[in-house]
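Please examine the structure shown here and work through the points that can be read from its geometry.

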Amino acid sequence: MEPSIPLRIAYAFASLAVITVYGLLLIGSMARISAKVQGRVGQPVWQPFIDIVKSSGKRNSISHGVMFWLGPVFRLAGGVGTYMFVPAVLGSVVFQNFSMSGDLLLVMYFIFFGQLGMALGASEGGHPYSAIGVSRGLAQMTAFEVPFALSIISIAVQYGTLDITKIVMAQQGGFLNWTLFTNPLAVVAAMIAFLGMSGHNPFSVVIAPQEIPIGPPTEYQSNLLGMLQTNRAVFNGAKLVLYMNLFFGGATNVPVMVVKTFLIYFVNIFVGQAFPRFRTDQAIRFFLGVPTLIGIAAVVLFAF
Amino acid sequence: MSDIKFTRALADPDHALKPAGRPGPLGKPLVLANDGLPEEEKAWFCDAYPTASGPYKGILENFLNWARSKSLWILGFGTGCGAIELRPLMTSRFDMYRFGIQPRPTPRQSSVFVIGGYASVKTLKRIVRSYEQMMGPKFVVALGSCTINGGMYWDSYNTINAIEHYIPVDVYIAGCMPRPEALLAGFKELQRKIRRGECEGAVKYAENFEWYKANQKKVIHDWNMPDYNY
Amino acid sequence: MVTPLAIFAAFLATGFLLPLADKLGRRVSATLFWALLAGFAGLAAYYLASFVAAPGTLEIYTGGFEPPLVIALRLGLEESAALAAVAAVALLAAFSMRKALHEAPVSGMMTFLMLVMGLSGLVLTRDLFNLFVFLEISGIAGYALLGFDDRRLAMSAAFKYMVAGGIASAAYLVGVIYLYRLTGTLNLDLMIGSAGLEGAAGAAAVFFVLAALLVELKPFPANGWAIDAYEAANPGLGALFSGAQATAMLFALYKVFPLLSDAHLAVVMWAGIVTFAFSNLVGLRQTATRRMFGYSSAGQVGFVAAALAFGARYVEGSDFAWLVAGGLLVNHLLAKTGLFLLSAAFESDGDGSMKGRPGTLVAAAAGVLVAALVGLPPFPAFWAKWDLVRVALATREYAFVALVGAGGLFEAWYLFSWLVRLVKGGADETPEAAPVPVLRVGADGVGPVLAALGIAALGGLSAWTRGFTDPLFWAPLAGGLLFLALDRLPGKLKALLATAAIAAFGYFALPSMSEFQKLFALMILGGGALHAFAGGYLTGRRAGHFPLYVMTVLSLGYALVAESALGFFMAWELMALGGYFLVLQGAKGRSASMIYLAFSIGGAFLMMAGLQLGGGLIGGAAPSPAALALVGLGLLAKLGAFGLHVWLPGAYAEAADDFSSFFSASLSKVAVFALMAALAVFGEALPGGELAWRVVGWVGILGAVLGALAAIFQEDAKYALAFSSMGQMGYVLAALAMRDQMGWTTALYLAATHFLYKGMMWLSVAGASLRTGTRTMYLMGGLIKRMPISFVSFLVGIIALSGVPPLTGFGGKWLLYHSLIAKGWYFEAAASFLASGIAFLYLYRMIHSIFLGQPKDEHRTVKEAPFWLVLPQLLLLVAVIAFSVFPRLILDPIMAVVGARYPAAGFAFEGQTLVSSLGYWNGLLTIVVVVVVFVLTFIWMVMNLRKPRLVKQFNIVFAAERPFRPETTHFAFDFFAPYRRALGFLVRGRSEKAWTAVAGLATSVAGAIRRLYTGNGQTYALHVVLYVGILYLFLGVR
Amino acid sequence: MRTIPADIAERFEVGPLVSKRADLSTLDVDAKDVPELLARLRDRHGYRHLSFVTATDQIEEGVFVLTYMLHNHADNHSLGVKCRVGRENAVMESCHLLWEQMWTYQRELKELFGIDFPGSPRVDESFVLEGWIDIPPMRREFDTREYSERTFPTRPGRSTKDPATHMKEKLYPEAL
Amino acid sequence: MSDVNIVTLIGVALLLVGFYGALSRPNVIKMIVGFAIADTGVNMIIVAVGYLPGRTAPILDSAADAAGAAARMVDPIPQALVLTAIVIGLAVTALMLSFAVRMRRSGGGMAIDSYGEQKW
């Protein structure tokens, strides 16, 4: 049964609230896990909440122009929108979001919406480091898109569809039906791409705090920064849910979603804690090397 | 080449510390003069007069103060030898992250400025600039004797003696150098002060802007920046 | 009717009278001279008119006996036409030489008259020995005139000429006397069909005559003496040699054709076409104008001879000779005469430098002459070439066709280079030199202009007689002429008028169009009108822009509706020509326009060959893979497909900004149109089958990837956009190559949306570079505050182009990936992902470098782009938004068009949702969700703002320092340096290098070949002797 | 025992070679001979490395003593070439053409001592002190304490204690 | 058909000798001489072609009257032609010589290869 429009909007807000809270807690807990790896106690898991409150509670702010203000708006709208286009929980009316707008391609391209807007806002700040950060970020993005795209093509071939819901449906009925087991090469390629997407080590040269003070958001502060921090949670959530749907059988209820996304995200931390940072050109070559070959293999395996 | 002129500094005999917290003069101009800049450079910098925001009162403000105290982002700017004592704070032994303290590379996003020991005149210029670029409310922790009364550099020709003449300071941590434990204690003290609503350095700075600026300009002779760095 | 014998009588009498008259004063003798020439011309015109009115021949027997006892003359339509040509050129040449003739001793005028008389005799006589006499008369007069002004160069050239002429006449005499011996007559008509010609002796005798005539036609490589003569001659005399003498000689050759066997004719044909190809090849290395014209003349005469021989071999009747050889000859004659006269007026010295720049009228005449000579429409050679190639392909003379194409390409290259030097002044190496002053040439310009007018009139006549009576066909030319006439009006007014003209064309053309044509008409004519309006953005007259622009747009329009392949092809060539001149008008357009021209002409020739091969007619042609391959190759060159793209960036970037925009947004689509139409006509089979289409697909995808990659490394905004266009058209090509409902829907959608957003982006950049005075991106920056509308337009453009939802671009990406994956082209899809990722890089880089970042001090006071640029952008913006919200607005017509060809399989609409076999996309819902989320977020941002302070450009955290200059703070130069390190090796211009190597090979070969021309008269004589010997061997072998 | 090389001894009026350590000697020379001597030491005697250039203010004698410290990597020996320059209008010939890094030292000497090196690159720009307007601070007639008191407001109540006594008082008051 | 007679052979030989001279002697005057010789050769060939064995010269006199001319005379036309050819040849030779003189006067040498300024 299709819910009415107001109800659907209400559901969307509820869904968004859940993913925001969960995303922030996820970031907090991952920071804490990292701390444990380094032998520290680490920050409280709710630290991201406090940080956002603090940022939003700043008493003054500066702006470099209209686009500078719109940058975080684009970014957050991009994050929220991405999430809105992904069905988070299979069969749940509340978490269905607005996934009827389009299929996987819509989600993949909408990811760029926020990035582009943010890049423009950062640009208007006029800070050279912002532009350098954007340059690195975009450059890296083009590279990890390749294995990711190959992986997507592989599963599109495998399932004969780009409809996320259908892909999830096809993976139901036991964990052996997950893409992880039916198409492991595609999952490997996509997970490597995911490392780049998340910007953790070894692909963190974009924000490289030691040389270009945190890259694109160098000039952002106050509630604009707060929006960026919020987006990080929502956007992470959206991406994780997408990955879960595509590769790990999706979820039929919220707890399963929580567990699965947590584990997916954990891969980042696991790798990030163990590796140093690539330079941009190294990262590009890396992604266009072995991960791309794996992706090609994944396509070949299912296409021919 | 040999026409160097040895001139005495244009000294101001009035070294007395004016009472803190005094309300600034009424009828402040809306626009800064930015005399230090050549005419063609003035268009590059914002020339608005800084205004005080706050202090505020109320439950919301108390909540925000709590949040501020729990989320202290240190500007990653090692101004003196004391910066070396900040590094251990990140290690597993001291782990400042526990208290919500973490370094941040840009003043725009930082809330705490740690003056790491002696500040030469040359550094002071950068301190002032970075401090002004931080968003309020902002807090200053000055560590080491040098920031309090000049310390071992008390008679140096290029090290200032008391930092609070140039920017407002919330917490001093004495020692030469103070150990990381002392730093942690200082930060805890800062958190308490913030929660009590006593850390209104930004407001003080804005209200006594002329006084601070006069002090700064007295020692910084090549003032090639706007009077207030947004 | 006055007997033609009167001509000789009059010339001889005047020749003897002139010295007497000269005693009475130069004025008297000059009057006599001019009167005779004018009378001769009048008589020739009268003959021509009367024979056109009443065809027939007039046989004249001198002395009242019948041949063989007397010398016979013949005057018919052909002869009178040749006489008229000789007379016309003689008049023009004499006019050009008037000063020299008036000042020199009277024998100069006498010799001139003798030359003209000799040439007339060559045309008229039917007696072989008499032919020899006239040959010698004209020859001796020619030598004498050549060396007349006592320059050492001229004299040595004349001597070399005489040496070669001596050998030729010896051969001729030997040949004639043996013919006489074998046939018993000297009369050509009696000789034809004589039994004496049979056998080896007859063939040998004929060969000697033929060889002598061929040598006189200056065949490659035995033509060094002729080239020297052309170079040394007074330009007027050069015109006479190249025009009149060549005509007469060709006519003489044509006369003896009936004597020739097929083997002889083959020798003529191949000798002629080899001369055409190789003379022009050698001409590539030439900078001295007259020597260059000499090579060109030798080539053209060879071409005509080849066409004549070809016609004699393969085509029944004389119509072919009339149409083709006559067309080519009259074209060459007028064009070369005009060019020689132009060089007389503008050339300062032999080194190719010019005294000044011509005014608009003379420049237009020069353009007409060069274009005509190269065989571009609508001039006679174009039509002749079309027929020649058709028959040549039908008779499977592929090597012949290839040589025709190659020679034309070489000739186009150096002639247009010369034209560039003429109209832009200076040498090629100094494009930045100070503007050359306009040289007023006065009366000296009359000759070239008359020649241009004549050639244009004849061209128009050719078109008309071929049945092109459709007003739409004439619209481009009429439009161009109209705006040439209106060129004095202010630019803004002309912009409005041009908009109206294009709209009017659309109004008349639209009713007859199919849906498919209408779709492209929207892009091409709609875009044409928009950009015509945008053309008002510059102040001043914009002399010469609008005639060319209107001609180009309207010929594109006609290309859409053309019903015959010839009509289409002529529109196509006209468009290429207009585009070339428009690129040339750009400040640094020289080399870009030349490369564009080379690819246009090469591509067009392939296309012509393909069209001919496929039957020559749109509709009713048989499917032909070879035809499709050739036409497709020609179209890929126009599309800028990978490998054939080297002309594209320069041409797009160096044209005027508004034309760049039209070029990229609209003009490139006509290749898509033509490709789709060609598929409909010639079938879908390519040589190589499905694999070939896969290759085409990959060519498209590689173009997309490498175009985008090249774009990110550009510092020049227009080059970046140009490479971007190349990449975008690559997607279109790949989609086209899929050849199914999904693929074509994608291709059309991509083409249509590319038209919209690329137009916005180009115009926006045009505004920015107009206001800042630079195209280099890192010199701009921070223009958002000064040019907000341009910024918004560019922003919407990049969002649309990059394919980010919710704007139109995403539809394109969605369609592309769905169709690629559904087709099973998985790796193409992956490469497209990479390409569209890379597209982000240059898009961001452009908007950052131009509109964001640090504004420069000198741009602090720039204004928003002119209204003329802003309005078209806003219109396109509205269209983009409308199509974004309601994708069905554009997809429904496209799917209807595609549905007419391919059955619906794959894409279908369910309500507002577009559904494919793989997924779905609801454009309306997407945009609603995005807008709602965006608005809510925006409200949240505004509500949370605390004391926002708008700060200035240097209020940035600069590592506790302050920035010192905007130039050093704006991070924009070599923006993607890491990318260059990682992947820059992919775009080191390998295609450019490959093509440069090809061009280098051609010029090296030319350089090697021209070592033959040592300048030594004796060597030249040896060449002639050897040439005759080798030709004889060829004859024997055959 | 190191000796002055013969070619140097015969060309320049040099003082005795004073050996400070096994690997360090100094040599007094007239200021006008310095560039030539340095060039010869660098090119002929292996002192290719310029360690530093510094000055000492001999206010009593009215001169600055400039020390050019060179190092010979081959036999691990440093040689300080010393010369004396008058304090009033102190000018010394620039040697930046011998070692590129020399200009940095010369710029520093100009700022801190007021010794001018005409022709040295950027010698008149400020070096470590931005906007210094007093007499060069390393001159001994410059009273740094007076300057500091005059320029930098200080906190009243400052006192100085001997650290050892102070800590004893603090930690072991009973021992006193 | 017996075209081969001694005059033809000499004519051909002269033609070849003339051409050889024109092609091998760099001296301009010698080249002209070569051409003159070749011309003569051509003329001889022409005359020889008109020659019919055992017939008389084409002059209407006692040896041949108007009625029997066609049977008894050699072909007169080549002889008529050769006159024209000789005249033309003479004109050409004269023109060449005059050019040679003027070229020499204009500062060039006597050798043909000193007039190679125009090339390529």
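The questions and answers below concern a predicted model.

Q: Which helix of chain A gives the most to the side of chain A that touches chain C?
A: In this predicted model, 70 residues of chain A are in contact with 64 residues of chain C. Strand 1 (61-63) and several helices of chain A each supply at least two residues of that side, among them helix 3 (66-84), helix 4 (104-124) and helix 9 (222-247). With 17 residues, the element that gives the most is helix 5 of chain A.

Q: Which residue in strand 6 of chain C is the bridge partner of Ile62(A)?
A: Strand 1 of chain A runs parallel to strand 6 (residues 948-950) of chain C, and three bridges join the two. Within strand 6 of chain C, the partner of Ile62(A) is Arg949(C).

Q: What is the radius of gyration of chain D?
A: Chain D has five helices and five strands, arranged along the sequence as α-β-β-α-β-β-β-α-α-α. Its C-alpha atoms fill a box of roughly 70 × 40 × 30 Å along the principal axes. A compact globule of 176 residues would come near 16 Å, but the radius of gyration of chain D is 22 Å.

Q: What percentage of the contacts in chain D with a separation of 6 or more is made by residues 24 or more positions apart?
A: Of the 176 residues of chain D, 26% count as buried. Among contacts in chain D with a separation of 6 or more, the share from residues 24 or more positions apart is 46%.

Q: How far apart are the end C-alpha atoms of helix 23 of chain C?
A: Helix 23 of chain C comprises residues 565-584, and at 1.5 Å a residue its 20 residues should span 28 Å. The modelled helix agrees with this expectation, as its end C-alpha atoms are separated by 28 Å.

Q: Is helix 23 of chain C largely enclosed by the rest of the structure or largely open, and how many of its residues are buried?
A: A residue counts as buried if 20 or more other C-beta atoms lie within 10 Å of its own. Helix 23 of chain C is largely enclosed by the rest of the structure, because the number of its 20 residues that are buried is 20.

Q: Where in chain A does Pro202(A) lie?
A: The peptide bond from Asn201(A) to Pro202(A) is cis, with omega near 0°. Pro202(A) is placed in the loop between helix 8 (184-198) and helix 9 of chain A.

Q: What is omega for the peptide bond from Cys176(B) to Met177(B)?
A: Met177(B) belongs to the loop between strand 5 (171-173) and helix 5 (180-195) of chain B. The bond from Cys176(B) to Met177(B) is cis, and its omega is near -10°.

Q: Does Asn34(B) count as buried, partly exposed or exposed, and why?
A: Asn34(B) lies in the segment before helix 1 (59-70) of chain B. Its phi is near 50°, a positive value in a residue other than glycine. Because Asn34(B) has 18 C-beta neighbours inside 10 Å, it counts as partly exposed.

Q: Is Asn76(D) buried or exposed, and why?
A: Asn76(D) sits in the loop between strand 4 (63-72) and strand 5 (77-86) of chain D. Phi of Asn76(D) is positive, near 50°, although the residue is not glycine. With 9 C-beta neighbours inside 10 Å, Asn76(D) therefore counts as exposed.

Technical notes:
Residues numbered from 1 in each chain as written. Chains lettered and ligands numbered in written order. Predicted model: local features only at pLDDT ≥ 70, side-chain atom pairs only at ≥ 80, totals over all residues. Contact = placed C-beta atoms within 7 Å. Helix = DSSP H or I, 4+ residues; strand = E, 2+ residues; numbered from the N terminus. Pairing = 2+ DSSP bridges. Rg over C-alpha atoms; globule rule 2.2 N^0.38 Å. Buried ≥ 20, exposed ≤ 12 C-beta atoms within 10 Å, placed from the backbone. Expected span 1.5 Å × (residues − 1).
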